[in-house]
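Have the viewer open while you read.

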Amino acid sequence: MRWRCRDRFFDLAERTLVMGVVNVTPDSFSDGGRFLDPSAAIEHARRLAREGADILDLGAESTRPGSQPVPAAEQLRRLMPVVEALVAGGGAALSIDTSSATVAEHALTAGAVIVNDVTALGDPAMAAVAGGAGAGLVLMHMRGMPATMQEEPAYADVTAEVRAWLAERVEGARRAGVAEDCIAVDPGIGFGKTARHNLELLSRLEELTLLGRPVVVGASRKSFIGRVLDLPVESRLEGSLAAAAVATFLGARIVRTHDVAETVRAVRLAEAIRSARRAANAEGG
Ligand code: HH2
């Protein structure tokens, strides 16, 4: 399977890509305030690229539970110096984590190649912006909005519902002019889901690969890991690596993480096991 992101073509048949998180925010749940200064964000992004990130995901708006939207002008003020410096330096593909078409448009003009939209086209202008640029587009599942999404989320069958919702959003994006080979899907771990929902989604990830589009998983440092291990956010590295490995084994093709060096190793091993299973099945079959 290939994922087209403007002039970049990612071959995902064998490899799972690692997407490093760069939060240019004062309030992100795990690293808020550390990279708000542009030079700190640029330095951090370059470090993640050296550690092996295929993609750098730059965001200027926290979407943690209870957070409020950040106006486009403020997102641009935070992001653009970072985008411009990283584009000039070349290297890892740049993704913009925004649900604002205005922010996406400016970032794409400056050289970003992916739009990571946690509202899956909540902004009606987004499809034209991403589709017009031929950008990679991540469509993520979220129940409600960050301000209220953790107020008693309920599903009859979380995996089936997320899968059906994503199928409908992929179709909506296609109808709105986004080429199918540019689209990736994401179950939205932690977005309007309990710990149990997140664990079930991860355990049944193969069902989402049946949508025929690359699956993105962002479990890094999230609260369900803290819930299972009874650990605070700064002690969730090993749990995050376990989740990344399981997701990769079950078919995730892009893993979003704050800890790139460690995640690259976990993902490479999980890929090797996935390939071994495929080879064994082929020989047996
Ligand atoms: N999770 C977060 C933000 N963006 N995008 C995708 N596609 N998938 C995710 O799971 C995802 C995402 C939340 O993590 P983080 O950016 O570290 O936190 P915050 O939203 O507080 O900035």
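**Notes on the model**

1. Leu199, Val228, Leu229 and Leu231 make a nonpolar surface patch with about 320 Å² of accessible area together. Areas are Shrake-Rupley with a 1.4 Å probe.

2. Bear in mind that this is a predicted model: local features need pLDDT of at least 70, side-chain atom pairs pLDDT 80 or more, while totals for chains, interfaces and linings use all residues. Numbering starts from 1 along each chain, and side-chain values use heavy atoms, without hydrogens or water.

3. Val228 belongs to helix α8 (residues 223–229); helices are DSSP runs (H or I, at least four residues). At 52% relative accessibility, Val228 counts as exposed (exposed is over 50%, buried under 20%).

4. In helix α4 (residues 126–133), Met126, Ala127, Val129 and Ala130 are buried. They span an arc of only 165° around the axis, so they sit on the same side of α4 (the arc uses directions from the axis to the C-beta atoms). Ala128 and Gly132 are exposed on the face turned away from that side.

5. How many aromatic pairs are there? The count is 1, with ring centres within 6.5 Å as the cut-off. Trp3 and Phe10 have centres 6.1 Å apart and planes at 35°, so the pair is tilted (under 30 degrees is stacked, over 60 edge-to-face). Trp3 is buried at 0% relative accessible area, and Phe10 is buried at 11%.

Definitions and conventions:
Patches are made of residues with over 30% relative accessible area and no salt bridge: like charges are joined within 9 Å, nonpolar side chains (Val, Leu, Ile, Met, Phe, Trp, Tyr) within 5 Å. A salt bridge is a side-chain nitrogen of Lys or Arg within 4 Å of a carboxyl oxygen of Asp or Glu. Helices (H or I, at least four residues) and strands (E, at least two) are DSSP runs, numbered from the N terminus. Buried means under 20% relative accessible area, exposed over 50%, partly exposed in between (1.4 Å probe, protein chains only). Rings of Phe, Tyr and Trp (its six-membered ring) pair if their centres lie within 6.5 Å; planes under 30 degrees apart count as stacked, over 60 as edge-to-face and the rest as tilted.
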